[in-house]
Amino acid sequence: MNYKLINMKVFGDERGKLISIEGNRTIPFDIKRVYWIFDTVPNQDRGKHAHKNMEQIIVAMDGSCDFILDDGKTREKVVLNRPDIALYIGKNMWREMKNFSYGCKLMVLASDYYDESEYIRNYDDFIKELNK
Ligand code: T46
């Protein structure tokens, strides 16, 4: 499975906590794009696609959601609910995002610019792409 959970180093003191992410250092790619997802509602799923080439880091800054990760052979569930744990998803991984809490805030760092042609949004096409 081409994903991993990264425990982020937390700089904390009496003022609160701080976490820093540096491309190619704390995460395994250069950051070309940042986006965030917010105002989520339960029972409204997201994702249901894979990326041919893109790598991403996802952090639940507030609230929680489940990521279903699928490499065409195995499906695993990861619960994101802490701002100090980053989910790295590599290339060719099907992802579904479910069970959002109200107003969950996800920050996403991506290894490339947005390119709709790089998405695989049909599961059968994803399996075909893996077997090419
Ligand atoms: C992913 C998960 C975690 C853009 O125009 N630019 C962008 O950078 C992005 C990410 C999206 N969009 C447009 C494309 C759609 O019209 O925003 C709309 C919603 O995107 P989408 O339905 O793909 O959103 P999610 O939450 O299903 O998936 C997103 C990312 O697209 C995807 O790469 O891995 O978050």
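1. A polar side-chain atom of His49 lies 3.3 Å from an oxygen atom of the ligand. The model discussed here is predicted. Tyr35 likewise places a polar side-chain atom 3.3 Å from an oxygen atom of the ligand, and for His51 the corresponding distance is 2.6 Å. On its own the ligand has 650 Å² of accessible area, of which the protein covers 68%.

2. The shell around the ligand holds 13 residues, and those that come nearest are Arg33, Arg46, His51, Gln56 and Tyr119. Sorted by class, this shell has 5 nonpolar, 4 polar and 4 charged residues.

3. Which strand gives the most to the shell around the ligand? It is β5, with 4 residues. At least two shell residues come from each of β4 (33–37), β5 (46–51) and β10 (94–98).

4. The largest pocket contains about 190 Å³ of space. Its lining has 13 residues, with Tyr35, Ile37, Arg46, His49 and Met97 closest to the centre. Two or more lining residues are given by each of β4, β5, β6 (56–62) and β10, and β5 gives the most, with 4 residues. By class, the lining has 7 nonpolar, 4 polar and 2 charged residues.

5. The second largest pocket contains about 160 Å³ of space. Its lining includes Met8, Val10, Leu18, Val59 and Met107. The strands β3 (16–18) and β6 each supply at least two of the lining residues. By class, this lining has 9 nonpolar, no polar and 2 charged residues.

Key: Residues numbered from 1 in each chain as written. Predicted model: local features only at pLDDT ≥ 70, side-chain atom pairs only at ≥ 80, totals over all residues. Heavy atoms only, no water. Near = heavy atom within 4 Å. Polar contact = N/O pair within 3.5 Å; in protein donor to acceptor, adjacent residues only side chain to side chain. Areas by Shrake-Rupley, 256 points an atom, 1.4 Å probe, with all protein chains shown as cover. Nonpolar A, V, L, I, M, F, W, Y, C, P; charged D, E, K, R; others polar. 1 Å grid on protein atoms, 1.4 Å probe; cavity = no way out; pocket = protein on both sides within 12 Å on 5 of 7 lines; lining within 4 Å. Points joined across faces, edges and corners; volume = space filled by probe spheres on them.
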